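Subject: Structure for you to look through

Hello,

Here is the structure I promised you. Please open it next to this email and follow along.

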Amino acid sequence: MADRFASLTTRVDLSTELCGVRLQNPTVLASGILGTSKGLLKGVALAGAGAVTIKSLSLEPLPGHNNPIVVGFEAGMLNAVGYANPGIKEGAKEFSNLKEVGVPVIASIIGRGVGDFMKVLEGLWGLDFAAVEVSLSCPHTPGYGMLAGQNTPEATKEIVSVVRKGTELPLLVKLSPNIPEIGRVARAAEEAGADGITAVNTLGPGMLINIEARQPILDFKVGGVSGPALRPIALRCVYDIYKSVKIPILGVGGISTGRHAIEMLMAGASAVGIGTAVYSRGIEVFGKVCQEMEEWMEINGCTSVKELIGAAHAP
Amino acid sequence: MHLEPVMMKIEEVILESNLARSFIFKTCSERSESKSLEYQPGQFIMLWIPRLDEKPFSISYHGKDFFGVTVALKGRFTQRLHEMKVGEWVGIRGPFGTAFNLNVGKACVVGGGVGMASLAVLIERLEDSVVVQGARTASELLYRNRFKDMLLCTEDGSAGTKGVPTDLLEDLYRHYRFDAIYTCGPEAMMVKVSEFAREYNICMQASLERYIKCAVGVCGQCCCNGLRLCVEGPVLDGGTLEKLEDFGRYARRGNGRRVPIGTYLGKKT
């Protein structure tokens with residue numbers, strides 16, 4: 001095992017960089033999955049993630065939607081968690097001493113408007129986050145993201161230009177896949193000072209109905225679509241964004257294997273988010289994806305992640 | 001049966017005590033998708049009442065073509081469930097989580113309150129066991145006819161020994177020399193049981209309760225430190241519990257806030 005590891009590290013370099021943050025490998029725990037406690041983040045880091053994102057924090061505590069908040073189907077998952085979180089004050093307690101996690105930790109923050117975002121950023125001061133991700137794209141929480149119109153180019157520019165002044169950390173902006181010209185939204189974020197783009201949030205919202213109960217299954221009735229159904233859409237979004245901006249992209253959506261991760265890098269991502277695959281392949285998915293990437297890269301004579309980023313754009 | 005609830009008909013309602021009712025479901029009825037429930041003692045299911053909520057319950061009855069849950073009256077959800085009658089439908093998802101390890105010699109089972117529900121099928125499957133049940137008062141005791149030689153204690157002395165089950169552990173151990181302890185009930189009681197097991201070097205397993213949402217290990221709501229209670233739990237062994245800072249101390253409300261367990265009532269905020 002030790003020998004094999006040594007041989008792989010000499011031949012294949014999985015490390016990458018995202019907005020100046022060095023990652024041992026390109027897999028990143030996507031926001032909203034497992035990021036509720038420092039203990040869970042540690043577990044995900046041990047399972048092999050190159051970086052982790054916390055579950056989004058808002059200014060005030062949010063109770064989230066009633067159960068069911070998650071439902072699966074043949075092509076993925078639908079969720080309407082509704083941003084359940086204890087608020088920034090409690091969140092700051094939970095996420096103290098983040099160095100213990102062992103990999104870079106990205107703070108995900110949400111707000112009803114720029115005032116909220118600035119106060120949440122203030123609450124992050126003094127904590128060991130490596131970057132901040134501003135989500136403007138949740139499809140299932142009234143007052144936030146898509147349901148507050150934060151996903152348009154205009155709103156994105158307005159929010160990001162203010163939020164930019166609230167932190168010196170690298171700033172990622174998380175976008176919704178629901179806009180056909182996603183490149184325009186990404187450009188608006190870049191012009192407003194974003195250091196990177198996270199693409200994409202869940203799609204939709206969508207709905208699933210239990211026909212015996214004659215009721216939508218999610219208590220909120222609708223929820224964001226993730227998993228395999230989202231993958232081709234996420235890829236197209238990242239491909240478009242790569243053409244539109246110079247800042248790096250964290251590609252998220254339906255990635256569950258090493259091949260999927262490589263595909264996302266080729267579309268233009270510098271790192272890849274993994275979320276729903278924690279359900280299909282367990283928490284070990286991060287290590288598995290890395291191993292599968294290494295195997296593919298070895299067979300295909302590829303020595304570094306850098307060679308893969310944007311490879312699908314070659315003429 | 002993990003990610004989408006299957007609608008199942010309530011076949012029978014059993015009045016178990018002043019506070020608790022059991023709801024029995026048939027796994028072979030023509031409208032249910034599940035042929036039989038792949039279940040091991042200790043696991044739980046999610047029970048959905050459309051347009052209300054979905055909550056976790058331990059399976060307390062299980063056979064080839066049926067299973068059931070025992071539900072104590074606690075809040076809005078359990079109130080509605082208690083009003084439901086035979087022939088009404090609810091959604092079932094699961095089973096989920098870890099199970100008790102049955103591979104022991106002599107066992108001692110310590111149940112407190114409605115915690116008895118998670119232990120009931122275990123008791124049926126154990127070959128050699130002594131069972132102690134504790135409750136506040138006689139009218140809250142469960143399964144008195146189902147497990148006839150169970151030892152009882154009540155806080156007010158209205159049935160069995162006056163006191164709590166952990167008061168009896170030392171005497172029981174001297175008598176029965178059991179190899180393992182299983183427990184489910186108030187967390188303060190389970191902490192005492194785990195301390196006893198450690199002192200006497202007996203292996204132990206406990207079933208914990210937390211606010212569970214997705215039940216499939218993705219939302220992080222039910223975490224105890226670095227564990228997801230819905231996947232790595234609800235049944236945890238003594239070694240794991242010894243290292244678990246939250247055990248007996250903290251639980252998370254529906255919004256994820258970590259609060260002292262005494263103030264946690266399974267509430268959202």
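First, a term: buried area is the accessible area (1.4 Å probe) that two parts lose on being put together, summed over both. The size of an interface is often given in this way, as accessible area lost.

Some ground rules. This is a predicted model, in which local features need pLDDT of at least 70, side-chain atom pairs count only at pLDDT 80 or more, and totals for chains, interfaces and linings use all residues. Residues are numbered from 1 along each chain as its sequence is written, chains are lettered from A and ligands numbered from 1 in the order in which they are written, and side-chain values use heavy atoms, with hydrogens and water left out.

**The interface**

Chain A and chain B bury about 3000 Å² between them. Of that area, 57% is on carbon and sulfur atoms. N67(A), E212(A) and Y279(A) supply 19% of the area that chain A buries against chain B, more than any other three residues. Counted by contact (heavy atoms within 4.5 Å), 37 residues of chain A meet 36 residues of chain B.

Side chains of opposite charge can pair when their charged atoms come close. A salt bridge here is a side-chain nitrogen of Lys or Arg within 4 Å of a carboxyl oxygen of Asp or Glu. The rule finds 2 of them across the interface. E94(A) and R252(B) form a salt bridge, at 2.8 Å from N to O.

Helices (H or I, at least four residues) and strands (E, at least two) are DSSP runs, numbered from the N terminus. The largest share, 3 residues, comes from β5(A). By class, chain A's side has 20 nonpolar, 12 polar and 5 charged residues. Ala, Val, Leu, Ile, Met, Phe, Trp, Tyr, Cys and Pro count as nonpolar, Asp, Glu, Lys and Arg as charged, and the others, Gly among them, as polar.

On a 1 Å grid over the protein atoms alone, a cavity is a set of points where a 1.4 Å probe fits but cannot get out; a pocket is an open set with protein on both sides within 12 Å along at least five of seven lines; lining residues have an atom within 4 Å of a point. Points are joined across faces, edges and corners, and a volume is the space filled by probe spheres set on them.

The whole structure has 4 cavities of 30 Å³ or more. The largest cavity has a volume of about 80 Å³. Its lining has 13 residues, with T36(A), K55(A), L57(A), N85(A) and P86(A) nearest the centre.

The second largest pocket has a volume of about 670 Å³. It is lined by 44 residues, and I33(A), N79(A), T202(A), S226(A) and T276(A) are the closest to its centre. Among the elements that give two or more residues to this lining are β5 and α9 of chain A.

Most residues other than glycine have a negative phi, and most peptide bonds are trans. Look at the exceptions. A cis peptide bond joins A199(A) and V200(A), with omega about 15°. V200(A) is in the loop between β10 (196-199) and β11 (203-206) of chain A. Another cis bond joins G233(B) and P234(B), with omega about 5°. R214(A) has a positive phi, near 55°. R214(A) sits in the loop between β12 and β13 of chain A.

Over all chains, the count is 29 salt bridges. In one of them, E209(B) and K74(B) have their closest N and O atoms 3.9 Å apart. E209(B) lies in the loop between β12 (203-207) and β13 (223-224) of chain B, and K74(B) in the loop between β5 (66-72) and α1 (76-83) of chain B, so the pair ties together parts 135 residues apart in sequence.

Best wishes
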